[in-house]
Amino acid sequence: MLFREPFLEGVRAGTLSTAFRRWTQPRVKVGTRMRTPIGVVEVLSVQAIMEIEITSTDAARAGYASRAELQQDLSPISEGQLYRVVLKYGGEDPRIQLREAADLSVEDFAAIQKKLKGYEREGAWTRKVLKLIAKNENVLASKLAKKMGMEKYAFKRRVWQLKELGLTKSLDIGYRLSPRGRAYLEWLES
């Protein structure tokens, strides 16, 4: 689910808690934890409803001044079932703390290496990508992908895998190795 920044800030502050979506089938379920720019957002409930069931309280909890304003926002999308999704702030993104953990133990290094080897079924790429990012901070993903001889979205998928392990950080433009990523690369290079 995509959310606007002001809505996410309201979820973090506890002032907003409800989103409405039209889907052919639910795209989230109770317990889903989504990483967003403000941290983790957790799904508390997903309920199929009819538009007439939307209350003014629902509209306020979704960040709208009125029920009519919310309905107007929903009107361009007519296909699919309407769902009321109740959310709560679930805390900071755990990858933030992980990527700052640069003091790697032998066990940490081995765990990262094992996970990365699982990613390399199609050939060794993790060291190359880490080194490329280390030398090219703030460079567009499309340019980095070209240097790797890859399609942009395939490259971004690989960087996402590194990010999941706390090794990289996304910037407004491009990427940067995290302290953990730099430490891991130093281990590899030693």
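A nonpolar core is a set of buried Ala, Val, Leu, Ile, Met, Phe, Trp, Tyr and Cys residues joined through side-chain atoms within 4.5 Å. Buried means under 20% relative accessible area, exposed over 50%, and partly exposed in between, for a 1.4 Å probe and protein chains only.

This is a predicted model, in which local features need pLDDT of at least 70 and side-chain atom pairs count only at pLDDT 80 or more, while totals for chains, interfaces and linings use all residues. Residues are numbered from 1 along each chain as its sequence is written, and side-chain values use heavy atoms, with hydrogens and water left out.

## Nonpolar cores

The largest nonpolar core has 26 residues. Phe 155, Leu 167 and Tyr 184 have the most contacts inside it. At least two residues of this core come from each of helix H5 (106–119), H6, helix H7 (141–148), H8, strand S6 (175–177) and H9. Helices (H or I, at least four residues) and strands (E, at least two) are DSSP runs, numbered from the N terminus. Another core lies apart from the largest one. That core has 15 residues, among them Leu 8, Leu 16, Ile 38 and Tyr 83.

Contact means heavy atoms within 4.5 Å. Beyond its neighbours within four places in sequence, Leu 167 has contacts that include Ile 112, Leu 116, Leu 130, Leu 162 and Tyr 184.

## Helix packing

Two packed helices are described by the angle between their axes and the distance between the axes. Axes are lines fitted to C-alpha atoms, for helices over the stretch in contact, and angles run from 0 to 180 degrees between N-to-C directions.

Helix H6 (residues 126–135) packs on helix H8 (residues 152–164) at about 90°, with the axes 11 Å apart. H6 is therefore roughly perpendicular to H8; angles of 65 to 115 degrees count as roughly perpendicular, under 35 as roughly parallel, over 145 as roughly antiparallel and the rest as oblique. From H6, the contact uses Thr 126, Val 129, Leu 130, Leu 132 and Ile 133. H8 brings Phe 155, Val 159 and Leu 162. These residues divide into seven nonpolar, one polar and no charged. Here Ala, Val, Leu, Ile, Met, Phe, Trp, Tyr, Cys and Pro count as nonpolar, Asp, Glu, Lys and Arg as charged, and the others, Gly among them, as polar.

The axes of H7 and H8 come within 8 Å and cross at roughly 95°. H7 and H8 are therefore roughly perpendicular to each other. Ala 141, Ser 142, Leu 144, Ala 145 and Met 148 of H7 meet Lys 152, Phe 155 and Lys 156 of H8. This contact holds five nonpolar, one polar and two charged residues.

## Salt bridges

The structure holds 12 salt bridges. Each is a side-chain nitrogen of Lys or Arg within 4 Å of a carboxyl oxygen of Asp or Glu. The table gives some of them.

| Salt bridge | N to O distance |
|---|---|
| Glu 42 and Arg 33 | 3.3 Å |
| Glu 164 and Arg 95 | 2.9 Å |
| Lys 131 and Glu 189 | 3.8 Å |

Lys 131 lies in helix H6 and Glu 189 in helix H9 (residues 179–189), so the pair ties together parts 58 residues apart in sequence. Lys 131 is partly exposed, with a relative accessible area of 32%. Glu 189 is partly exposed too, at 43%. Salt bridges that share partners join Arg 35, Asp 93, Arg 95 and Glu 164 into one network. Both Glu 164 and Arg 95 are buried. Glu 42 is buried, with a relative accessible area of 18%.
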